[in-house]
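Please look over the sequence and the structure below before reading the report.

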Amino acid sequence: MSRHFLSPALTAAALVAAFVAAPARAATYVQAPGSTLVFASSYDGETFTGKFGKFDTEVSFDPAHPELGTIDVTIGLAGTSSGNGDRDSTLASADFFDVGKFAQATYKAKGFKSLGGDRYSTDGVLTLRGVSKPVTLTFVWTPGAQPTLAGKATVKRLDFGVGGGDWKDTKTIPDAVAISTKVVLKPGS
């Protein structure tokens, strides 16, 4: 009976080859408590801010391979609050979010680009009121046991039909709406 043994050098080479050939795997994270998604705009020159009542985020990310990163966000539009009851009911109306017909928006992106340090950008697709358009998100990734993604984007509201009728006037409400988020994350399954 003959025995075939691999030399230690061949064993090490086989392990290195298997590791190099294995595809990179990004860690998957889900949103944890303490996360925020807010917007800022103005009405007749007066700035106001608001927040979305509910949103859920899933991120797949490995800083060594940002090109493999993904983000998937679902945003509940009902319960959007700007601290003004009249404005909030207008935001829920058919002229703005039309929450009776479009209960949620989504943002999905694949592939992140390093901007240096812990800064990244991704070109994703926002779907709002049944319209899908590209939106760039820039963000800072803070690693740790509960990493955070702190990002900013600009959304052109009229591209999505937000602010119809008399609200189309960009002198009253600007077309560009600033979006910012801080997503606290925890390991996903």
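The report below concerns a predicted model, and its sections take up strand pairing, one threonine and a pocket.

## Strand S9 and its partners

Strand S9 covers residues 131-142, and S8, which spans residues 119-128, runs antiparallel to S9 and is joined to S9 by 10 bridges. With S10, made up of residues 148-156, S9 again pairs in the antiparallel sense, here over five bridges. Phe139 of S9 takes part on both sides, being the bridge partner of Tyr120 and standing opposite Gly151 in S10.

Both pairings are hairpins: two residues lie between S8 and S9, where Arg129 takes a positive phi near 55°, whereas five residues lie between S9 and S10, where Gly144 in the turn has a positive phi of about 150°.

Beyond its neighbours within four places in sequence, Thr136 is in contact with Tyr107, Ser121, Thr122, Asp123, Lys152 and Ala153.

Asp123 also makes a polar contact, side chain to side chain, with Thr136 at 2.6 Å. Ala153 is 17 residues from Thr136 along the chain, and their C-alpha atoms are separated by 6.1 Å.

## The largest pocket

The largest pocket holds about 730 Å³ of space. It is lined by 39 residues, of which Phe39, Phe52, Phe97, Val177 and Ile179 are the closest to its centre. By class, the lining of this pocket comprises 28 nonpolar, seven polar and four charged residues.

Note on methods. Residues numbered from 1 in each chain as written. Predicted model: local features only at pLDDT ≥ 70, side-chain atom pairs only at ≥ 80, totals over all residues. Heavy atoms only, no water. Helix = DSSP H or I, 4+ residues; strand = E, 2+ residues; numbered from the N terminus. Contact = heavy atoms within 4.5 Å. Polar contact = N/O pair within 3.5 Å; in protein donor to acceptor, adjacent residues only side chain to side chain. 1 Å grid on protein atoms, 1.4 Å probe; cavity = no way out; pocket = protein on both sides within 12 Å on 5 of 7 lines; lining within 4 Å. Points joined across faces, edges and corners; volume = space filled by probe spheres on them. Nonpolar A, V, L, I, M, F, W, Y, C, P; charged D, E, K, R; others polar. Pairing = 2+ DSSP bridges.
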